[in-house]
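Subject: The structure I promised you

Hello,

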Amino acid sequence: MIIRLPNHLGDACMATAALDLLAGRGHRLHLVGRAWARDLFAGYPWPMLTLPTGRLARVRALYGLARSVPRATPAVLMTNSFSSALEFRLATLRPVGYDTDGRGWLMSRSYPVPDRWASDMHTVEYYHWLARCVIDRPLPGPTRIELQLVPAAFEHARWALEAAAVKLPFVMLCPLATGQHHGHTKSWDGFGRLCSELLDCGRRVVACPGPGEHEAVARAIPGALLLPETDVATFGALLSMARLVVANDSGPGHLAAAVGARLVSVFGVTQIEKTRPLGDHVQIVGNGSGWPAYEDVRSVVFAALTA
């Protein structure tokens with residue numbers, strides 16, 4: 001079974017339960033997605049096709065994949081776009097997925113978006129529901145996600161900490177969030193003040209900027225130790241090793257929850273019922289109708305550090 005992964009880190013993490021369900025039902029998965037996803041899912045025995053940039057190049061790559069698998073192999077689209085269905089159809093593959101973006105006529109099999117998606121359905125369950133439709137099994141939705149990292153990620157994480165002379169324990173701050181939500185920034189503006197207070201209390205504060213984020217992170221949390229850019233699997237290992245992670249509703253936040261990190265997730269503009277990180281050690285502060293007061297976040301963070 002071919003799986004077209006979501007395009008964003010947080011969504012890829014939230015799709016993990018759906019992948020586990022399909023693999024657990026005996027399907028041999030072949031992943032298709034962006035380059036960073038190869039590292040994210042390196043801990044699994046699933047081969048992966050990295051999609052190049054440019055539609056023609058993607059169709060050619062997908063056509064090569066189509067020729068290497070049996071003709072009737074289904075291709076599950078965990079993307080919602082018309083373009084992803086078109087690329088798979090042009091590559092002679094048989095896409096199945098949700099009937100979204102007017103693409104139903106391109107699909108070999110399509111499913112209606114669940115009614116609950118218009119209200120309180122979580123994104124993890126949204127992906128899991130699609131997997132349930134594919135295998136035609138009425139199973140309960142997941143309550144948590146668990147991402148299996150490749151063992152080398154932890155070794156690389158230890159090397160990164162040693163090279164930066166960072167000793168345990170440390171607090172990992174993730175102050176950025178890509179894009180906007182209905183015209184509002186998704187990044188809480190209290191990270192700089194929180195960083196300063198943590199440093200004043202003798203806490204080690206660390207950040208691991210993503211591609212092109214070094215200057216923005218340095219401005220957001222001056223005084224924090226910034227680790228060199230790394231792959232997402234090593235980043236996940238670093239998150240799991242932190243005493244506490246503080247993040248926005250963002251890819252790093254979902255990755256932290258997926259690897260079992262202790263996480264304080266700050267919400268202000270996005271919908272908690274749909275995108276809250278799922279995990280056994282996650283605390284949510286704020287809601288979708290406004291950012292929490294700084295004192296509320298500080299209280300939860302320092303309580304978590306002393307627990």
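Which ring does the charged end of Arg 298 sit over? That ring belongs to Phe 302, and the charged end is 4.2 Å from its centre. Please keep in mind as you read that this is a predicted model.

There is another charge of this kind: the charged end of Lys 274 sits over the ring of Trp 117, at 3.8 Å from the ring centre. Trp 117 also belongs to an aromatic cluster, together with Tyr 98, Tyr 126 and Tyr 127.

While we are on aromatics, searching the whole structure gives eight aromatic pairs. One of them joins Tyr 44 and Trp 46, which count as stacked because their ring centres are 4.5 Å apart and their planes meet at 15°. Both partners are covered: Tyr 44 is buried at a relative accessible area of 12%, and Trp 46 is buried at 13%. Phe 82 and Trp 105 make a tilted pair, with 6.2 Å from centre to centre and 45° between the planes. Phe 82 is part of helix H5 (residues 82-90), while Trp 105 is in the loop between strand S5 (94-98) and strand S6 (109-111), so this pair ties together parts that lie 23 residues apart in sequence. Here the accessibility is another matter: Phe 82 is partly exposed at 26%, and Trp 105 is exposed at 64%.

Six strands make up an open sheet, ordered S3-S2-S1-S4-S5-S6, with parallel pairing. Strand S3 (48-50) and S6 are its edges, each pairing on one side only. On average, neighbouring strands are turned by 20° against each other, direction ignored. Within the sheet, strand S1 (residues 2-4) and strand S4 (residues 74-77) are paired over three bridges in the parallel sense, and Ile 3 has Val 76 of S4 as its bridge partner.

Two helices lie across this sheet. H5 lies across S1, strand S2 (30-33), S4 and S5, and runs at about 165° to S4. Helix H6 (residues 123-135) lies across S4, S5 and S6, at about 130° to S5.

Ile 3 comes up again in the packing. The largest nonpolar core contains 66 residues, and Ile 3, Phe 41 and Met 172 are those with the most contacts inside it. Leaving aside residues up to four places away in sequence, Ile 3 touches Leu 19, Leu 22, Leu 29, His 30, Leu 31, Val 32, Val 76 and Met 78.

Finally, do look at strand S12 (residues 244-248), where five of five residues are buried. Leu 244, Val 246 and Asn 248 point one way from S12, and Val 245 and Ala 247 point the other way. S12 pairs in the parallel sense with strand S7 (residues 171-174) over four bridges, and Cys 174 stands opposite Ala 247 there. S12 also pairs with strand S13 (residues 263-267), again parallel and over four bridges; in S13, Val 264 is the bridge partner of Val 246.

Best wishes

Technical notes: Residues are numbered from 1 along each chain as its sequence is written. This is a predicted model: local features need pLDDT of at least 70, side-chain atom pairs count only at pLDDT 80 or more; totals for chains, interfaces and linings use all residues. Side-chain values use heavy atoms; hydrogens and water are left out. A nonpolar core is a set of buried Ala, Val, Leu, Ile, Met, Phe, Trp, Tyr and Cys residues joined through side-chain atoms within 4.5 Å. Buried means under 20% relative accessible area, exposed over 50%, partly exposed in between (1.4 Å probe, protein chains only). Contact means heavy atoms within 4.5 Å. Rings of Phe, Tyr and Trp (its six-membered ring) pair if their centres lie within 6.5 Å; planes under 30 degrees apart count as stacked, over 60 as edge-to-face and the rest as tilted. A charge sits over a ring if NZ of Lys or CZ of Arg is within 6 Å of the ring centre and within 35 degrees of the ring normal. Two strands pair if DSSP finds at least two bridges between them. Axes are lines fitted to C-alpha atoms, for helices over the stretch in contact, and angles run from 0 to 180 degrees between N-to-C directions.
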